[in-house]
Amino acid sequence: MGIKSFEGKRAEPEKIQSAPIQVKDYMSENLITFRKDQYVVEVMETLIKNKISGAPVVNENNELLGIISDGDCMKQISESRYYNMPIGDMQIEQYMETNVPTIDKNVSIFDCASLFYKHNCRRFPIIENGKLIGQISRKDILCAALKLRSQNWHS
C-alpha cells in the first residue's frame, strides 16, 4: 500500500524574478563620440580626460563610421616619430578602424561574452535603424556577471 500525504494541496512554488541578461540591460547609452575630421590629439586628450580606451566615430546623422581607440592613437604616435611629423596633426579618419563588428541589443550577455572572445575587441557598438544607440564593453559584461553570480546562468 502506498504512502498517502495528509498535507493537502501544496502551494505553487514562488517564482524568482531573474535579473536581466541582455545587452540592452547593461549597454552604455550616453557615449562620447568623435567625427572623422577631428584630430588625433583631440582624441588622445578626450580618452585621457574621460578614462576610456576608445569611442565610436559617427557622422552628422549619428551613423557609425568606425571606432578610434588608444591603440589607433599609438599607431599615429609611432608613425609621427618615423616620419618626423608632429603628434596629433592628422585626422582620425586615417587611423580609425572602419571594419567594426556590431551587436544587437537583444543578444544575451553570455553570447556577447563569446563574441568578445572571438573578435578580440574591447567594445561593440549597438545599431538600431542605422543609428548608433549605445555600446557594450568587456567591462559592462564583467559588471553584469558580478550582478548575476548568485543566480542561475541560464538564459
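Guide: We will go from the order of the elements to the cores and then to one helix. Please keep in mind that this is a predicted model.

Visitor: Which elements make up the protein, and in what order do they run?

Guide: The secondary structure comes to 4 helices and 4 strands, and from the N terminus on they are arranged as α-β-β-α-α-β-β-α.

Visitor: How many residues does the largest nonpolar core have, and which elements supply it?

Guide: A nonpolar core is a set of buried nonpolar residues joined through side-chain atoms within 4.5 Å. Here the largest has 15 residues, and Val-23, Ile-103, Phe-116 and Phe-124 are among those with the most contacts inside it. Helix H3 (109-119), strand S3 (123-128) and helix H4 (138-148) each contribute at least two residues to this core. Apart from it lies another core of 12 residues, including Met-44, Leu-47, Ala-55 and Ile-92.

Visitor: Why do the buried residues of H4 line one face of the helix?

Guide: An α-helix has 3.6 residues a turn, so residues three or four places apart point the same way. In H4, the buried residues are Asp-140, Ile-141, Ala-144 and Leu-148. Viewed down the axis of H4, these buried residues fall within an arc of 100 degrees, and therefore they line one face. H3 and strand S4 (131-137) are among what covers them, whereas the face turned away from the buried side carries the exposed residues Lys-139, Leu-142 and Leu-146.

Conventions. Residues are numbered from 1 along each chain as its sequence is written. This is a predicted model: local features need pLDDT of at least 70, side-chain atom pairs count only at pLDDT 80 or more; totals for chains, interfaces and linings use all residues. Side-chain values use heavy atoms; hydrogens and water are left out. Buried means under 20% relative accessible area, exposed over 50%, partly exposed in between (1.4 Å probe, protein chains only). The arc is that of the directions from the helix axis to the C-beta atoms. Contact means heavy atoms within 4.5 Å.
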